[in-house]
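Please read them with the sequence and coordinates at hand.

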Amino acid sequence: MISLSKAQSTVMSLVEPGAEIELDTASSLGHYLSRGLVAQIDVPPFDNSAMDGYALRSEDLSQVPRDFDVVGLRLAGRLSGRDQRLSINSGQAVRIMTGAPIPVGADCVCMVEQAMTSQDANRVTILKSLRPGENVRKQGDDLARGTTLAGPGDRLSPGLVALLVSAGCPRVTVFSHPRVGVLSTGSELVELPPGSSGQVQLGAGEIFDSNRPMIMGLLGELGLSPDDIGHVRDDLDEVIGRINQLRETYDVVVMSGGVSVGDADMVKAAISKLCGNSGYSMQVAIRPAKPLAFGSIQDDDGKTTLLFGLPGNPVSAAVSFELFVRPAILKSCGARQPFRNSLRARFAEALASPKDGKDHFIRVQLSHLDDGSWVARPSDKQGSHQLSGLGFCDGLAICPGDSNEEVINEADILVTNPRVLG
Ligand code: AMP
Ligand code: MG
């Protein structure tokens, strides 16, 4: 058996970030930057009003209330040449809306709530004195032109996309997402027929292929659009033949089933045959998800395909995905930090320490207490075949196998259900 960290570093050592591509900034959501970006313009690009109100000169307000002549109207929007020349003198004000450019000569804005407009709207009484610059958003006060906005490995979140667009960056250079195919293996598997209603009959010895939709969904949560490749029987030639087809199209093929020590475990054999020295069949010191087959194959033209053979037991497949496939995919997408952060939680009741040399990943539900701390409750069923423990689990509690303690009161949790945090 090898340690989890050794197995993870072996996998990660074979993963390279994808090719660099250019995208429109607005269509780049979920990608990771491969190059940094700087602001192309000042943001805001011009001095503008933070309020609906009146733009005027602060020096005119040494005595308030004071009346002003309203000499114009400034709405947000492109200014005509004549509008651009609008300026005010002492004793004059311009009615102005939020986001509209401050007219020449004005240095502050009185909000509408502190002004009384005459009936004909030609005069306004300002009730309060103002500081120079009050309610004015200065050009460049958010970002000066040339400021570094983001660097390689940063994820294009909705907020970052907005920042880049506001700073006039029309295109971004990012790492491409890998093309991923998801294939199940096992002669016992049948597909829940799409569109069927009512009860679906299983033949003797058959089970529904639940790993495939789960793994497709887990990849979807990473922002990828994987292809569903269906399933193959436990037949070495069939498994090899299918992988050989898939390697032409895909950067990553995620398989489940057929990697332990059973008579029909063909994925392990196929990966070892196809990958040679770049193929690994590992027994990882974790529970669940001990077996993992992994490898990379290179075509004559240099194209590399990563092959993952996850264990077939559904909970093992989910845990193995979390610990190996997820970080590998994120590294290939160019993420700076491919491993998930954990949060600390107390168990509702202390657990017996595993003491079997394996790190246990206990499925837990989480609740957040008023004092800000988290409490973890293990799912009732912790068997690697028992999906009832997975369906509503929020995360995996890491219980180290080398602890000297008899019981564990708290643990680091990998929060796999992003909705837990809101
Ligand atoms: P294996 O890793 O092929 O030995 O499979 C271990 C267990 O997981 C067996 O009980 C399989 O029937 C089950 N299993 C394998 N693949 C799937 C799948 N795609 N969906 C649900 N269960 C599976
Ligand atoms: Mg099998």
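1. A residue is near a molecule if its C-beta atom, placed from the backbone, lies within 6 Å of it. By that criterion 21 residues surround ligand 1, the closest being Ser-184, Asp-209, Asn-211, Gly-257 and Gly-312. The shell comprises five nonpolar, twelve polar and four charged residues; Ala, Val, Leu, Ile, Met, Phe, Trp, Tyr, Cys and Pro count as nonpolar, Asp, Glu, Lys and Arg as charged, and the others, Gly among them, as polar.

2. This is a predicted model, in which local features need pLDDT of at least 70 and side-chain atom pairs pLDDT 80 or more, whereas totals for chains, interfaces and linings use all residues. Residues are numbered from 1 along each chain as its sequence is written, while chains are lettered from A and ligands numbered from 1 in the order in which they are written.

3. Asn-211 also belongs to helix H4 (residues 211-221), where Asn-211, Arg-212, Ile-215, Leu-218 and Leu-219 are buried (20 or more other C-beta atoms within 10 Å of the residue's own; exposed means 12 or fewer, partly exposed in between; C-beta atoms placed from the backbone). Viewed down the axis of H4, the buried residues fall within an arc of 130° (taken from the directions from the helix axis to the C-beta atoms), so they line one face of the helix. The face turned away from the buried side carries the exposed residues Gly-217, Gly-220 and Glu-221.

4. Helices (H or I, at least four residues) and strands (E, at least two) are DSSP runs, numbered from the N terminus. The cover over the buried residues of H4 includes strands S13 (180-185), S16 (227-232) and S17 (252-256) and helix H7 (314-332), with contact meaning C-beta atoms, placed from the backbone, within 7 Å. Just after H4, Gly-223 takes a positive phi of about 90°.

Definitions and conventions. Contact = placed C-beta atoms within 7 Å.
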